[in-house]
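Q: I have a model open and I'd like to learn how to read it feature by feature. Where do we start?

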Amino acid sequence: MTNPRIEIDLNKLSKNVQTVKNLFDPKGIQFSAVTKAVSGSIEIANVFHDLGVHSLADSRIINIQKMRQAGLNSQYLLIRSPMLSEIEKVVEFADFSLNTELSVIDALSKQALKTGKAHKIILIIDLGDLREGILPNEIEWMVDKVLHLQGVRLVGIGTNLACFAGVAPTQEKMSELSLLAKDIQDKFDLQFELISGGNSANYQWIKKTNDLGGINHMRIGETILLGRDTLTRKPIPGLHTDVFTLIAEVIESKTKPSQPSGEIAQNAFGKTPSFDKLGDVHRALLAIGEQDVDTKSIMPRSKINILGGTSDHLVIHSEKIKIKVGEELKFDLNYSALLRAFTSPYVQKVFLK
Ligand SMILES: *Cc1c(COP(=O)(O)O)cnc(C)c1O
């Protein structure tokens, strides 16, 4: 094994998926398991697929292509509105996609007709988070246009909150989505297959509400991967928060002053850091940095403090224990650290069964 590495406990992951399924199934909610934070990892996608999730979802068609070509025989949902430059691949590799632009759906329609492979559309409505989405007052116009296109089939509507502006998926927002869905279905005499209420941020709402309205689908990533409620980042009881373990190796260990000496200017990342006056402290350097992981988003499992990271080094401080060169230290990761570690070719992925 090489360092740094990330160990993935597939058993704990599988339990997380099962726990979420056990909550969602009796309520009639299916979910797409979102693989974007793990770069469409085949080993992880396999776990999701074997547990019978509705579909595998990713924001990048290249990840969907990889999973599909690995022979993973699932339904695939592209959760980022397709680029016009990737339409061919979207129709070839994804069964359905989240959409907000008529010009894109029109291109999907043309490609679907050309290849004889139908493509399913979910229209995303912006209920205030102000990332992607059609505004509610434009949805009828859009539905009408999409229904006139061939090759594409409108299978549902949905929304995505708590991603950009942090708008919470409250009962009010979810009822608004259900009501919009009902109005459209009545007006156009349609029956939607999917009303896709949101992402991991909807977890507590699903748990507590006694009014799901028409919502019957979610897209879940962080909660099954990291076991946390994404509105508060608190651990969800019953879910494992340690599916992933980041491991890095110590390459220097010395007692040094806690404060730098000399004239202070900017560091490698354009910041002017400050350090507490603690006298001499045990400091260690680990061979991991910003090119491997978001160093601000990892939490040590042992009693050490992270002082900071540069491209290839992490500087830590330990009050009591003297750390040895060659020692391996373990860390928890939050979402942005996980995303970067999986994207980095310098971090080995080790799957534990
Ligand atoms: C990333 C994403 C999700 C999954 O979000 P989690 O917080 O990881 O559950 C769902 N829907 C869309 C549109 C996304 O971009």
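A: With the overall burial: 48% of the 353 residues in the protein chain are buried. Keep in mind that this is a predicted model.

Q: What does the secondary structure of the protein chain come to?
A: The count is 10 helices and 16 strands. As for extent, the C-alpha trace spans about 75 × 45 × 40 Å along its principal axes.

Q: Let's turn to the ligand. Which residues come nearest to the ligand?
A: There are 14 residues around the ligand, and K36, S200, R219, G221 and E222 come nearest. By class, that shell has 5 nonpolar, 4 polar and 5 charged residues.

Q: How do I read polar contacts here?
A: Look for pairs of N or O atoms within 3.5 Å. S200 has a polar side-chain atom 2.5 Å from an oxygen atom of the ligand. With G221, a backbone N or O atom lies 2.8 Å from a ligand oxygen. For E222, a polar backbone atom is 2.8 Å from an oxygen atom of the ligand.

Q: And how much of the ligand's accessible area does the protein cover?
A: On its own the ligand has 390 Å² of accessible area, and the protein covers 94% of that. The space the ligand takes is the largest pocket.

Q: What about backbone geometry?
A: The general idea is that most residues other than glycine have a negative phi, and most peptide bonds are trans. Now the exceptions in this model. N3 and P4 are joined by a cis peptide bond, with omega about -5°. P4 sits in the segment before β1 (5-9).

Q: Where is L130 found, and is L130 buried or exposed?
A: L130 is in the loop between β6 (119-125) and α6 (139-147). Its phi is near 60°, a positive value in a residue other than glycine. L130 counts as exposed because its relative accessibility is 59%, and the cut-off for exposed is over 50%.

Q: How does A162 read?
A: A162 also has a phi near 60°, a positive value, and lies in the loop between β7 (152-159) and α7 (171-188). With a relative accessible area of 25%, A162 is partly exposed.

Q: Is S344 buried or exposed?
A: S344 has a relative accessible area of 4% and is therefore buried, the cut-off being under 20%. S344 lies in the loop between α10 (335-343) and β16 (348-352).

Q: How far apart are the C-alpha atoms of S344 and G308?
A: They are separated by 19 Å, with S344 and G308 being 36 residues apart along the chain.

How values were computed:
Residues are numbered from 1 along each chain as its sequence is written. This is a predicted model: local features need pLDDT of at least 70, side-chain atom pairs count only at pLDDT 80 or more; totals for chains, interfaces and linings use all residues. Side-chain values use heavy atoms; hydrogens and water are left out. A residue is near a molecule or strand if one of its heavy atoms lies within 4 Å of it. A polar contact is a pair of N or O atoms within 3.5 Å; within protein, one must be able to donate a hydrogen and the other to accept it, and residues adjacent in sequence count only if both atoms are side-chain atoms. Accessible areas come from the Shrake-Rupley method with a 1.4 Å probe; for residues, only the protein chains shown count as cover. On a 1 Å grid over the protein atoms alone, a cavity is a set of points where a 1.4 Å probe fits but cannot get out, and a pocket is an open set with protein on both sides within 12 Å along at least five of seven lines; lining residues have an atom within 4 Å of a point. A molecule sits in a cavity or pocket if more than half of its atoms lie within 2 Å of its grid points. Ala, Val, Leu, Ile, Met, Phe, Trp, Tyr, Cys and Pro count as nonpolar, Asp, Glu, Lys and Arg as charged, and the others, Gly among them, as polar. Helices (H or I, at least four residues) and strands (E, at least two) are DSSP runs, numbered from the N terminus. Buried means under 20% relative accessible area, exposed over 50%, partly exposed in between (1.4 Å probe, protein chains only).
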